[in-house]
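Trainee: I am new to this entry. Could we go through it together?
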Amino acid sequence: MTTVDLPLLPLGRGTDPLSERGVECPGDLPAPSDPDLVARAQAAKEKLGDKLFVLGHHYQRDEVIQFADVTGDSFKLARDAAARPDAEYIVFCGVHFMAESADILTGPEQKVVLPDLAAGCSMADMARLAQVEKAWDALAAAGVQDQVVPVTYMNSSAAIKAFCGRNGGVVCTSSNAEVALEWAFAQKGPDTKVLFLPDQHLGRNTAVLELGHSLDQCVVWNPFKADGGLTAEELADARMILWKGHCSVHGRFSPDVIDELRAKVPDLNVLVHPECQHEVVLKADLVGSTEFIIKTIEAAPAGSSWAIGTELNLVQRLANAHPDKNIMFLDRNVCYCSTMNRIDLPHLVWALENLVEGRVVNQIEVDPQTEAEALVALERMLALPGKSHKD
Ligand code: 13P
Ligand code: SF4
């Protein structure tokens, strides 16, 4: 049960309140130094056969991604999960909100497992249901709620997706944000406004760079200030009401590093994810989802130079897979997503071996009402016409 109004990182909860992990692992978690981990994961996968479907997000570690039956960005993985109704167990190597979406999009008999429950997402935690409902009431008090369509990024809790479902809104991902916003702006006539949750950067980048809105038409709703820190006039003039959330990984990339790298590397191409700050996206040559980033590098000519602004596991994997291209990371420092990295080989082996024994550990189950309402918003997304050129 995952839809209570609590942050998604359940640190300190459960049977061991002092444990950083905060997760009960019945039986022993294998030691990371166990030389048999790869063989154990292979053996467990073989025993489970077609009953098992392992999904791996592009930001997962290599040690985990080697066991994924499919890899993808969050949009592709949501579709892949929905397309495997025969798999009894879906093991999601990704983060909590992705596993929730997989649970919503799969049948009631299918069980979704997240190998480490501490694999949350700091961005998703920045929009909590109580905060969003308070904002919604404030929009009503300001006299604009009737014009507002809520749109939430996939990187949000099931409770926020359900909020969008019951209030005429939709879910989007980084690969379809443009078409989702076009859909939203068509819902209430020319005066439609969008409340975009929880990533201000994806919302701003898409509204300004893809839909042609001006920066002045984008306002930021700060949930820690009264009325979001906005006046009724500011709300009346706005087209995009951006929730004050961001990705702690992509938020680190900065425009001065782009300048420095361009000065050092001739003919450099800068390729970034739309969760980066607007100033970074403005200086980049190309912007798109993780799936788009991969396809772009695959299609790039040998000898070309690329600075990539996304999570480091993916950038490293691309660099290893394309030694004929000059691939570099767009930050001075190491920049992994710490929660994505929580899923490691010991947790994967632990989850798979328990499934072999008939024990479903770390199951992600969204309660039926939240699931039904979130499904409305997810199905609206899956029914959107075409796809963005960023796919
Ligand atoms: P995509 O998978 O949609 O590219 O999103 C990146 C991300 O931050 C996932 O957590
Ligand atoms: Fe969340 Fe950012 Fe990590 Fe993705 S990369 S899971 S958005 S913190």
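Mentor: We will discuss the surroundings of the ligand, then a record and one residue. Please bear in mind that this is a predicted model.

Trainee: Which residues come nearest to ligand 1?
Mentor: His57, Ser74, Ser174, His273 and Glu275 come nearest, out of 14 residues around ligand 1.

Trainee: And how many of the shell residues are nonpolar, polar or charged?
Mentor: The shell around ligand 1 has 5 nonpolar, 7 polar and 2 charged residues.

Trainee: What lies 2.6 Å from an oxygen atom of ligand 1?
Mentor: That is a polar side-chain atom of His57. For His273, a polar side-chain atom is 2.9 Å from an oxygen atom of the ligand. In the case of Tyr153, an N or O atom of the side chain is 3.5 Å from a ligand oxygen atom.

Trainee: How much of ligand 1 does the protein bury?
Mentor: The protein buries 96% of the 300 Å² that ligand 1 exposes when taken alone.

Trainee: Changing topic, which residues does the UniProt "binding site" annotation cover?
Mentor: According to the unreviewed UniProt entry, the annotation covers His57, Ser74, Tyr153, Met154, Asn155, Ser174, His273, Pro274, Glu275 and Thr290. Among these residues, Ser74 and Met154 are included in the lining of the second largest cavity.

Trainee: Where is Met154 found?
Mentor: Met154 sits in the loop between β5 (148-153) and α7 (158-166).

Trainee: Is Met154 buried or exposed, and why?
Mentor: Met154 counts as buried because its relative accessibility is 1%, and buried means under 20%.

Note on methods: Residues are numbered from 1 along each chain as its sequence is written. Chains are lettered from A and ligands numbered from 1 in the order in which they are written. This is a predicted model: local features need pLDDT of at least 70, side-chain atom pairs count only at pLDDT 80 or more; totals for chains, interfaces and linings use all residues. Side-chain values use heavy atoms; hydrogens and water are left out. A residue is near a molecule or strand if one of its heavy atoms lies within 4 Å of it. A polar contact is a pair of N or O atoms within 3.5 Å; within protein, one must be able to donate a hydrogen and the other to accept it, and residues adjacent in sequence count only if both atoms are side-chain atoms. Accessible areas come from the Shrake-Rupley method with a 1.4 Å probe; for residues, only the protein chains shown count as cover. Ala, Val, Leu, Ile, Met, Phe, Trp, Tyr, Cys and Pro count as nonpolar, Asp, Glu, Lys and Arg as charged, and the others, Gly among them, as polar. UniProt positions are given in the numbering used here, feature names are shortened, and annotations may be inferred rather than shown by experiment. On a 1 Å grid over the protein atoms alone, a cavity is a set of points where a 1.4 Å probe fits but cannot get out, and a pocket is an open set with protein on both sides within 12 Å along at least five of seven lines; lining residues have an atom within 4 Å of a point. Helices (H or I, at least four residues) and strands (E, at least two) are DSSP runs, numbered from the N terminus. Buried means under 20% relative accessible area, exposed over 50%, partly exposed in between (1.4 Å probe, protein chains only).
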